[in-house]
Amino acid sequence: IICANSTAALACDKREDAKEILQALRTEPHIIAAALYDKNGNLFSRYPADLDIHDLPAKSVSIGYHFEHSWLEGFQPVVENNRELGSIYLKSDMAGMYERFRIFGIVAAFVITLSFLLAILLSKILQKIISNPILALAETAKIISDRRDYSVRAVKLGQDELGSLTDAFNNMLAQIENQNKTLNEFNLNL
């Protein structure tokens, strides 16, 4: 935006207009320094106006941005109708980027914590759905094994695969109980 607004000031050699355009940067607290250079690379205007000239590059250098120490510095061409009129220099502190990193870190920590809590909740729910019926079936098998009481039946807790397994287990117990009854009756009749 500053480049687009600076075209007329550079084209008409109006330093006061350029100074006023650069003063618009005061609303951006992270911009430490700015300067407009003419097409020959000479300093045309600077921001802030009381900035020492030695704190700015003497001439416009290569176009692009780079990090130097704790600053982001760079040059951008000022172009109108494919004609380069000069360039703009911007120097910004890194506080804005650090603030974004801090916010991204907080969001990432929140998402990770929420995901962790959701995983724990999901594991508890799945444990109730899957593990508890299997544990109940194992407990019933232990009771039958310890007491040799084949009249005990496992409680069916669902209509899924574990429910089918419980039905098969109970059918097996019923057959064993019937065989034991038949054997006991046969032995009594002897």
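User: In which sense do strand β1 and β5 pair, and over how many bridges?

Analyst: This is a predicted model, where local features need pLDDT of at least 70 and side-chain atom pairs count only at pLDDT 80 or more, while totals for chains, interfaces and linings use all residues. Residues are numbered from 1 along each chain as its sequence is written, and side-chain values use heavy atoms, with hydrogens and water left out. Strand β1 (residues 31–38) pairs with β5 in the antiparallel sense over seven bridges, where strands are DSSP runs (E, at least two residues) numbered from the N terminus and pairing requires at least two DSSP bridges. Within β5, S87 is the residue opposite Y37.

User: And what joins β4 to β5?

Analyst: Strand β4 (residues 71–80) runs antiparallel to β5, joined by 10 bridges, and E80 faces R83 of β5. The two strands form a hairpin with two residues between them, and N81 in the turn has a positive phi of about 50 degrees.

User: What order do the strands have in the sheet?

Analyst: The order is β2-β1-β5-β4-β3 in an open sheet of five strands with antiparallel pairing. At the edges are β2 (43–47) and β3 (64–68), each pairing on one side only.

User: Is β5 mostly covered or exposed?

Analyst: Strand β5 (residues 83–93) is mostly covered, with eight of its 11 residues buried, meaning under 20% relative accessible area with a 1.4 Å probe, protein chains only.

Notes. Buried < 20%, exposed > 50% of the residue type's maximum accessible area, 1.4 Å probe, protein only. Helix = DSSP H or I, 4+ residues; strand = E, 2+ residues; numbered from the N terminus.
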